[in-house]
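Work through the exercises below with the model open. Each task is followed by a stepwise solution.

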Amino acid sequence: ADWFLIAMVGAVALASIVPQWGRSEGALHLGRVTDVGVFLLFFLHGMGLSTDSLKTGASRWKLHALVQASTYVLFPLWWAILSMLLGRWVPHDLLMGFFYLAVLPSTVSSSVAMTALARGHVAAAVLNATLSTLLGVFLTPLLVSLVMQGQGHDLDVGHTMAKVAQMLLLPFVAGHLLRPLLLSWFARIKPITNIFDRAVIVLLVWSAFSDSVADGLWTRHGPLLLAQAVIGAVFFLVPMLWITRRMARALGFDVEDEIVAVFCGSKKTLASGMPMAKLLFGGNAAMGVLILPIMLYHQLQLFVCAVMARRYAARSARSIVKA
């Protein structure tokens, strides 16, 4: 979505020029606006979840284990390796931003969309992306709290999990439970749900950067920070795409399950990442730096995975023709 990328860049630019406009407690009260937006966003996500799709994809336990291990084990381990090798040349806040990226859940909408485009097992992608999101409500705050405490930051693990569950899990479950009653209404508004999804993310980016710029983000960091963030995003995405693909083939997966492993196992969510960042880091002057990796990684994963999906689809089409 080109407008989404332009809107995010515009939000960062506007926050850099007039940070007072978008501050959480500023004249527009974006802190409260985004709280309501996030609640509605996850309510709609829960309503859009089909129980039948989850049941259909539930039998592939090896695939599910690989995807979840990639999301919550391989990514943090890869961050630890890069941190030991390159961490001395990376600003501390940016390094923590990449750790936050490493422990985020997989994305739902784009993982499923890319799997469908590549002619993979869509039901398995739906289950894995949903399971990753639900696990992330607890695992992401836990891992962030453990590492942040090790870095000298004080985060209450139980309180943080409760806040994330209240803001993200509660509306998600409520939306899913109300799906039978509101399905016809949801079908009518479905064309605008993606627009609403991205609009909430843009507001979160605007608010986060406004707070950070007002607290001196750009006076402490220059263009080098952005270059390091871009290079870091590449250093995360490319190896994880390669690893998930190699592991899927080593486990003997067919191409449809390999597609799920690659696209669900390598992706990280911006839709959940931004609201969680607000709950975890709200009030932190380094918020803008902490969310920079996931903003860049999100755009990079969409571009690279779109190219890969088309190649997978072309190979599938050739196989069908030969048959």
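**Exercise 1.** Which helix gives the most residues to the lining of the largest cavity?

Solution. The model is predicted. Start with the search: over the whole structure, 1 cavity of 30 Å³ or more turns up. The largest cavity holds about 30 Å³ of space. Next, list its lining: Asp-35, Val-38, Met-167, Leu-168, Pro-275, Lys-278 and Leu-279. Then assign elements: H2, helix H8 (157–177) and H13 give two or more residues to this lining. H13 gives the most, with 3 residues. Finally, sort by class: 5 residues are nonpolar, none polar and 2 charged.

**Exercise 2.** Describe the largest pocket by volume, lining and class.

Solution. The volume of the largest pocket is about 950 Å³. Its lining counts 36 residues. Nearest the centre lie His-45, Val-108, Ser-109, Ser-110 and Asn-194. Several helices supply at least two lining residues each, among them H1 (2–17), H2 (30–47), H7 (122–150) and H14 (287–322). H9 gives the most, with 8 residues. By class, the pocket lining splits into 17 nonpolar, 15 polar and 4 charged residues.

**Exercise 3.** Check the span of helix H4 (residues 61–86) against expectation, then locate its kink.

Solution. Count the residues of H4: 26. At 1.5 Å a residue, H4 should span 38 Å. Compare the end C-alpha atoms of H4, which are 36 Å apart. The two values agree. Now look along H4 for the bend: a kink of about 45° is centred on Ser-70.

Note on methods: Residues numbered from 1 in each chain as written. Predicted model: local features only at pLDDT ≥ 70, side-chain atom pairs only at ≥ 80, totals over all residues. Heavy atoms only, no water. Helix = DSSP H or I, 4+ residues; strand = E, 2+ residues; numbered from the N terminus. Expected span 1.5 Å × (residues − 1). Bend = angle between axes of the 7 residues up to and from the residue. 1 Å grid on protein atoms, 1.4 Å probe; cavity = no way out; pocket = protein on both sides within 12 Å on 5 of 7 lines; lining within 4 Å. Points joined across faces, edges and corners; volume = space filled by probe spheres on them. Nonpolar A, V, L, I, M, F, W, Y, C, P; charged D, E, K, R; others polar.
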